[in-house]
Amino acid sequence: NGQMGYLYYYKGQEDAYKSCRNLREMAMVTGKKVTNTTLATLQPTLTKTEGLIPFIQNYGNTTTYNAITGITKQDFQTMVTDQLDKYRGAKENAVYSGIVLRMGIDNFVSVEMQNGGVQYGAFAGGKDQYVNFSFSSFAMQGYTLHLKTYDAFNYKNMLGAAGQTYNQSAMVIPMENTVASFGSAGKKESVASLRMNYVSQEKAGGSYSRLWEEWKTGAANGTYTNQNDSLEINWRSHFGFEAFAPGRYVWVTPV
């Protein structure tokens, strides 16, 4: 932006920062539980975490659809009836999908409503005129599904890599609180359907937190912590995913 200075350094720092945040997000979405037998015997017992997709696949529901003919209204009706409603799912749900599945949903809604059920925006004589063929939400049997395209499912250097089916898949996530039991007494509390946990001293009166840490080492650009004529940027995030009531979640995937 017309500024002078170590621009290559700041550009490299920004790129590495974004990459690190992306990797953390992918761990929250696709991460697997630790299986190291030595760690499993440590005291106190470790609480092992996993990503959202393995959580749904291992404990929640899975809806499949024909990859050739595409997803249909009947697929969603079956999901709502046999999964969401059966396991007391949320009335409001977010559907984070890949771009191919999102296109399939738009197509089946258009086909189902082709006899006049859909009224597209009419041109009003303005300079910018367009037709919007996409749908942001639809409802079935009292359950509303809000559609979101999740970029990580489509990006070719992440989950959209060749041979993967994430761009044809979706996570159906409840948008309402649920009731969970905590502690030995089984105290019931209303909690968000999912949350992120991190190491912190805040509840004990301290200020230290590992939600996101950044520090510099080296001997350059005003940082002098050692005798190396270089500068390193360090990041650390001690961070774990947690979800509740897996019966309220659905993994949608092609077969």
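Which residues form a nonpolar patch on the surface? Ile-99, Val-100 and Met-103 do. The model is predicted, with local features requiring pLDDT of at least 70 and side-chain atom pairs pLDDT 80 or more, while totals for chains, interfaces and linings use all residues. Residues are numbered from 1 along each chain as its sequence is written, and side-chain values use heavy atoms, without hydrogens or water.

**View 1. The nonpolar surface patch of Ile-99, Val-100 and Met-103.** Together the three residues have about 260 Å² of accessible area (Shrake-Rupley method, 1.4 Å probe). Val-100 counts as partly exposed because its relative accessibility is 33% (buried is under 20%, exposed over 50%, partly exposed in between; 1.4 Å probe, protein chains only).

**View 2. Helix H4, residues 73-84.** From first to last C-alpha, the twelve residues of H4 reach 15 Å, close to the 16 Å expected at 1.5 Å a residue (1.5 Å times one less than the number of residues). Buried in H4 are Asp-75, Phe-76, Met-79, Val-80, Gln-83 and Leu-84. They cover an arc of only 130° around the axis, so they lie on the same side of H4 (arc of the directions from the helix axis to the C-beta atoms).

**View 3. The open sheet E10-E9-E11.** Its three strands are paired antiparallel (pairing needs at least two DSSP bridges). E10 (223-224) and E11 (231-236) are the edge strands, each with a single partner strand, so one side of each has no neighbour in the sheet. Two bridges join E9 (residues 213-220) to E10. Ala-219 has Tyr-224 in E10 as its bridge partner.

Conventions. Helices (H or I, at least four residues) and strands (E, at least two) are DSSP runs, numbered from the N terminus. Patches are made of residues with over 30% relative accessible area and no salt bridge: like charges are joined within 9 Å, nonpolar side chains (Val, Leu, Ile, Met, Phe, Trp, Tyr) within 5 Å. A salt bridge is a side-chain nitrogen of Lys or Arg within 4 Å of a carboxyl oxygen of Asp or Glu.
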